[in-house]
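Please look over the sequence and the structure below before reading on.

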Amino acid sequence: MRKSLLLSLFGLLFSAQSFAAVLHFYSNPRVPQPLFHVTLEYKSYVYEADTREGGRRVPAHHLPAGHIRVEIPDELVNEQALLGQMGLPFDYNFVWDNQKTYCSKLVGIALNMKPLPMSFAGTHYVKYYPDWIHRNDPGISPDQILEFGLEHGLQIYPQ
């Protein structure tokens, strides 16, 4: 019994010291694509690109959990790159190489992901910007972040 108690205490101590970042994915019933927004929860804060405030961090308890959550190892997060996205204005044009940010760009940069040619076909954006259907600019989408999370995920929590 004493051995199992020690093992239990060791397990609690070890789990209390091992942290995981959490990717939160959100959907919106008013838009056709299944994933609309992504945030990164890291060290008790949620990092996101908000359309009004740009790159920001808020205490984790201030935002609702995503519709899909994927835990990833903290070691995958480049904290310096993440903090470099804070305070940047929101980029409504979703351009990769500028001094603005958008949700999946902020998270992708924090995870050291490489941008890929983006397609806006099948998204609500082509309704407002029909010429975007032919864009192949480099960037990252919430779908690509989800794929990354699933490849490196520790735990997945669908809603």
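The model is predicted, with local features needing pLDDT of at least 70 and side-chain atom pairs counted only at pLDDT 80 or more, while totals for chains, interfaces and linings use all residues. Residues are numbered from 1 along each chain as its sequence is written, and side-chain values use heavy atoms, with hydrogens and water left out.

Helices (H or I, at least four residues) and strands (E, at least two) are DSSP runs, numbered from the N terminus. Strands of a sheet pair through backbone hydrogen bonds, either parallel or antiparallel. Here, two strands count as paired if DSSP finds at least two bridges between them. Six strands form an open, antiparallel sheet in the order β4-β3-β2-β1-β5-β8. Because β4 and β8 (155-158) stand at the edges with a single partner strand each, one side of each has no neighbour in the sheet. From one strand to the next, the twist averages 20 degrees. The antiparallel strands β3 and β4 are joined by six bridges, and Tyr47 stands opposite Arg57 in β4.

Two helices pack on this sheet, where contact means heavy atoms within 4.5 Å. Helix α3 touches β1, β2, β3 and β4, and its direction makes about 40 degrees with that of β2. Helix α5 touches β1, β2, β5 and β8, and its direction makes about 55 degrees with that of β5. For these angles, axes are lines fitted to C-alpha atoms, for helices over the stretch in contact, and angles run from 0 to 180 degrees between N-to-C directions.

Burial is judged by relative accessible area: buried is under 20%, exposed over 50%, and partly exposed in between (1.4 Å probe, protein chains only). Seven of the eight residues of α3 are buried, so this helix is largely enclosed by the rest of the structure. Among them are Cys103, Leu106 and Val107. Their cover includes β1, β2, β3 (45-50), β4 (54-59), α2 and α5. After α3 comes Asn112, with a positive phi near 55 degrees.

In α5 (residues 142-152), the buried residues include Pro142, Ile145, Leu146 and Phe148. The buried residues of α5 pack against elements including α3 (103-110), β6 (116-117) and β7 (138-139).

The loop between α2 (79-84) and α3 holds Thr101. Thr101 counts as buried because its relative accessibility is 0%. Leaving aside residues up to four places away in sequence, Thr101 touches Ala49, Gly55, Gln85, Leu88, Pro89, Phe90, Asp91 and Leu106. Of these, Leu106 is also one of the buried residues of α3.
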